[in-house]
Structures are given as structure tokens and as C-alpha cells.
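User: I am new to this structure and would like to learn how to read its features. Could you take me through them step by step?

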Amino acid sequence: MTSQIAPPAPTGTPSTGYRLRWAGLAVILAAEVMDLLDTTIVGVAAPAVRQDLGGSDAQIQWITASYTLAFAVLLITGGRLGDLFGRKRLFVLGAAGFTLASVLCAAAPGAGTLVAARTVQGLFAALLIPQGLGLIKAMFPPKELGTAFGLFGPILGLSSVLGPTLGGYLTGADWFGLGWRAVFLINLPVGLLAVFAAGRILPADRPYRAGRSTTGAADDARTGRIDPVGVLVLGLAVLLLVYPLVQGRELGWPLWTFLSMAASVPTAWLFTVQQRGVLRRGGTPLIEPSLFGKRAFVSALATGLVFFAALSGLMLVFTLHLQLGLGWTPLHAGLSMIPLSIGVVVGAVLSGALLAPRYGRRVLHLGMVLAAAGALGLWATVDGADGLTSWQLAPALALAGLGLGLIMAPFFDIALAGVEESETGSASGVLNAQQQLGGSMGVALLGTAFFGWARTDGFGHAAGLTYGLVAALLAAAFVIAFLLPRQARPDGEGH
């Protein structure tokens with residue numbers, strides 16, 4: 001066990017929390033909005049990009065894929081860098097870099113340049129996003145953490161609708177002749193505000209300083225060093241897995257995609273061996289091994305992997321069915337998702353403010369039941385229907401959204417409940433990487449199933465069957481969630 005001198009606590013006591021914590025939460029949520037918008041908004045603008053810049057089919061696909069891949073590869077390292085150099089510092093750096101990269105995307109003269117700028121955007125997002133969970137955990141007292149995490153639900157729901165809707169509007173409106181470039185410039189005011197506000201509102205922290213390991217070796221976490229070999233090996237393991245998941249469906253799953261995913265397993269094993277060597281030498285690994293001795297954290301990783309696969313698959317299939325199967329415009333499809341967002345907002349507010357602090361894991365289970373019921377309701381609505389309206393889809397969407405909103409607050413609260421200060425950056429990076437991996441798996445699995453069924457049975461029947469798969473994944477997450485502790489912390493206190 002190594003001795004550590006923790007960074008100064010934010011202004012306030014553990015029972016009252018940081019004085020500006022709610023304003024700080026607003027800054028963190030603004031960063032989440034930028035990331036979520038960039039994940040959803042670009043796909044709508046892709047046809048206009050192709051018309052303006054040209055480029056091959058692969059280059060157009062990579063406008064989205066390059067961001068996702070760069071983000072996933074560096075997430076865990078980005079979280080660890082927050083431990084080493086201070087989460088506030090990395091948050092500001094990430095927000096500034098993300099905003100600058102957005103401007104470069106808007107100014108791209110060709111498809112290749114746009115892909116490169118999107119890659120840079122993803123790298124800075126990986127520095128920015130993992131700091132949020134750690135900062136929230138540092139700013140809020142235990143009794144308010146559920147409420148703080150619960151606000152992520154409305155942001156996720158609103159951004160999922162706002163992205164496609166805003167992307168369709170900005171591209172079609174062609175303000176000042178910008179066309180599709182406006183979908184990237186929308187990040188400029190949000191990013192500048194986040195950078196400015198973060199420097200003045202977020203609590204000061206600093207990296208862990210002088211300390212010695214039990215072996216007498218200097219601890220890297222206190223000397224500001226990071227293991228470059230571990231970064232490369234971990235990045236390679238993630239790349240080998242995520243790249244074929246991102247591209248496989250579009251390419252028809254050639255043999256190399258399966259070989260790449262298989263190769264990620266021994267590469268991940270090599271990473272664990274390398275990290276043990278770092279520990280033996282008295283250094284600090286990228287992923288704290290102690291995290292995997294925590295029941296809540298490990299169980300949350302397994303639960304979240306399946307849950308986020310179901311969530312991403314549901315969003316993908318819904319938008320594909322409306323646009324490809326029913327011929328709706330992106331704007332029409334985006335507006336049709338408003339009931340889902342309303343349900344998410346209501347569920348998240350109820351969960352974070354009232355239910356999760358009292359009932360813990362049972363709220364998460366209830367949310368999964370309602371979300372699965374909503375997915376089955378969508379199946380019953382679309383399967384065999386000759387024509388559909390947004391109003392016909394609204395009840396099932398609202399029910400699914402309510403369930404998804406209920407899940408958010410207890411999930412993050414339970415996952416981080418037993419995580420120590422020195423482990424927070426590593427834990428946040430792993431949790432965010434798990435969401436990216438789960439999302440990529442959901443898109444690959446459910447997207448492939450949807451298109452396979454659509455070729456033989458039509459889009460309506462294919463969408464219905466795929467919603468059934470979403471319900472099955474949620475049922476699996478329901479079972480896995482029994483491994484989680486009943487409460488994030490006993491009697492509302494920290495561990």
C-alpha cells in the first residue's frame with residue numbers, strides 16, 4: 001500500500017459540499033452536451049458533406065467513426081491524466097482543444113481534412129469527459145450525489161433528440177451560406193463558455209504529491225509521470241476491438257474484423273501483465289487494480305456494458321426505421337423522439353431527487369422493466385403496420401424513456417460509491433470507455449440484425465424484431481444488476 005497526500009478538498013465540508021457545486025455541475029453538463037451533440041448531429045449532415053466536399057464512401061463513414069474511435073482509445077488514459085495533473089486542469093484543456101477542433105472541422109477544405117479534425121476532436125473529448133464524474137464526486141456530499149448524477153438522464157435524452165433535429169435544421173437553413181459547417185460551429189459558444197466558466201467555478205485540485213511506495217520507489221502518481229508503454233498497449237487493445245465494431249457492419253463483416261476482435265483478447269492480457277510489472281517496480285498503473293476488487297464497480301461495468309448496448313441499438317434502429325423504412329426526414333424523425341426525451345427527464349428527476357437515495361438498486365431494476373416494456377410496445381406498434389404516425393409511437397417511447405431516466409442516477413451513484421479519491425480518474429475513464437464499448441457493440445449487433453431482417457422481411461418487421469432484441473438485452477441487464485449492492489452507501493453516507 002502506498003502512502004498518498006490527497007489534493008485539497010473543495011471549499012466546504014463533506015456534509016455540505018463545495019459552495020458552487022450546482023454551478024460547477026452546469027459546466028460539466030455543458031461539456032456533456034457538446035460531446036453528445038457531436039455524437040448524434042454529424043450523421044444528419046453527412047449527405048450534405050458528401051455533396052460539398054466529395055470523398056469516398058469510406059471517408060464519409062469515417063467522419064463519424066474517427067471521432068468515436070479516437071474517443072474510445074484515449075478515454076482511460078484521459079481519466080488517469082486527471083489523477084496525475086488535476087481534473088480541473090484537464091477539463092479546461094479538453095474543453096479548449098475540443099472547441100478549437102470544432103472550428104477546424106467547420107473550416108475543413110476536404111473530406112480527408114475533416115476526418116483528421118474529427119480525430120483531434122475525439123482525442124480532446126477523451127481528456128474532457130472522464131473528468132466530469134470525478135469532479136462531481138469531489139464537489140457533492142454523499143446525500144446529493146444521486147440527485148447530481150440523476151441530471152445526466154435529462155441531458156442524455158434531450159441531446160439525443162436535439163442532435164438530429166438541430167443538425168437537420170442547421171444544414172437545411174444554410175445560415176450565412178455555412179450549410180453543414182454550422183453543425184460544428186454550434187460548439188463554439190458552448191465550448192468558450194465552458195472554458196471560461198470552468199476556470200472560475202470548478203474547484204481547484206492538484207495532482208497527488210510526494211510519497212513513497214512500500215518498496216521505497218517513487219510513486220509515479222506523485223511525480224507526474226505516466227506509463228507510455230501501458231498507454232500504447234491499452235490503446236492497441238481498444239483499437240483492435242472497437243475499430244471492427246465501428247466499421248464491420250458497413251463493410252459486411254469481412255474475416256479481418258473477427259480476427260481483429262479476437263486479437264484484442266491476448267493484447268488485453270498483455271496489458272495486464274505489463275501493468276503488474278509497473279506495480280512491481282513501484283509505479284502507478286493506468287488502471288488501478290484495486291478497482292477490480294470493488295464489488296459495486298465491477299458489477300456496474302458488467303451491467304452497464306449490456307445496458308448501453310441496448311440503449312445505443314434502440315436509438316440507431318428507431319432512427320433508421322423512420323428514415324429508411326418510412327421515408328421521414330431527419331427533422332421529422334428527431335421531433336418524433338420528443339416523447340422519449342420527456343420520459344427520460346421525468347424518470348431522471350424522480351430517480352435522482354426522490355427514489356434512488358431511498359430505494360437504490362430497486363429503482364434501477366424498475367427502470368429496466370419499464371424500458372423493456374417500452375421496447376416491446378414499440379415492437380407491437382410497428383410490426384405489420386402499413387403506416388405510422390408520430391402519435392402512435394409516442395406511448396411506447398415515453399414508457400421506454402421513463403425507464404431509461406430511472407436508471408441513470410442509481411447506476412453512476414452505485415458504481416462510484418466505494419471508489420477512493422486516488423482511483424476516481426481511473427474509474428471515470430473505465431466507466432466512460434465501457435459506455436463507448438457497449439454502444440459500439442449495440443450498434444454492431446442490433447444494426448446487423450436490423451439490416452439482415454430488413455432485406456428479407458421489410459423494415460417494419462425488422463424494426464419490431466430488433467426492438468425485441470433490445471428488450472432481451474435489458475432483461476439480461478436486469479439479471480446482472482442483482483450483483484450490485486442494494487444501496488450506493490448505507491444510510492446515505494459514504495463508504
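Analyst: What follows turns to salt bridges and then to one helix. This is a predicted model, in which local features need pLDDT of at least 70 and side-chain atom pairs count only at pLDDT 80 or more, while totals for chains, interfaces and linings use all residues. Residues are numbered from 1 along each chain as its sequence is written, and side-chain values use heavy atoms, with hydrogens and water left out.

User: How many salt bridges does the structure hold?

Analyst: Side chains of opposite charge can pair when their charged atoms come close. A salt bridge here is a side-chain nitrogen of Lys or Arg within 4 Å of a carboxyl oxygen of Asp or Glu, and the structure holds 2 of them. In one, the side chains of Arg21 and Glu144 meet at 2.7 Å, N to O. Arg21 lies in helix H1 (residues 21–53) and Glu144 in helix H6 (residues 142–150), so the pair ties together parts 123 residues apart in sequence; helices are DSSP runs of H or I, at least four residues, numbered from the N terminus.

User: Are Arg21 and Glu144 buried or exposed?

Analyst: Buried means under 20% relative accessible area, exposed over 50%, and partly exposed in between (1.4 Å probe, protein chains only). Arg21 is buried at 14%, and Glu144 is buried at 17%.

User: Where is the kink in H17 centred?

Analyst: The bend at a residue is the angle between axes fitted to the seven residues ending there and the seven starting there. In H17 a kink of about 30 degrees is centred on Ala396. Of the 27 residues of H17, 20 are buried, so this helix is largely enclosed by the rest of the structure.

Conventions:
Helix = DSSP H or I, 4+ residues; strand = E, 2+ residues; numbered from the N terminus.
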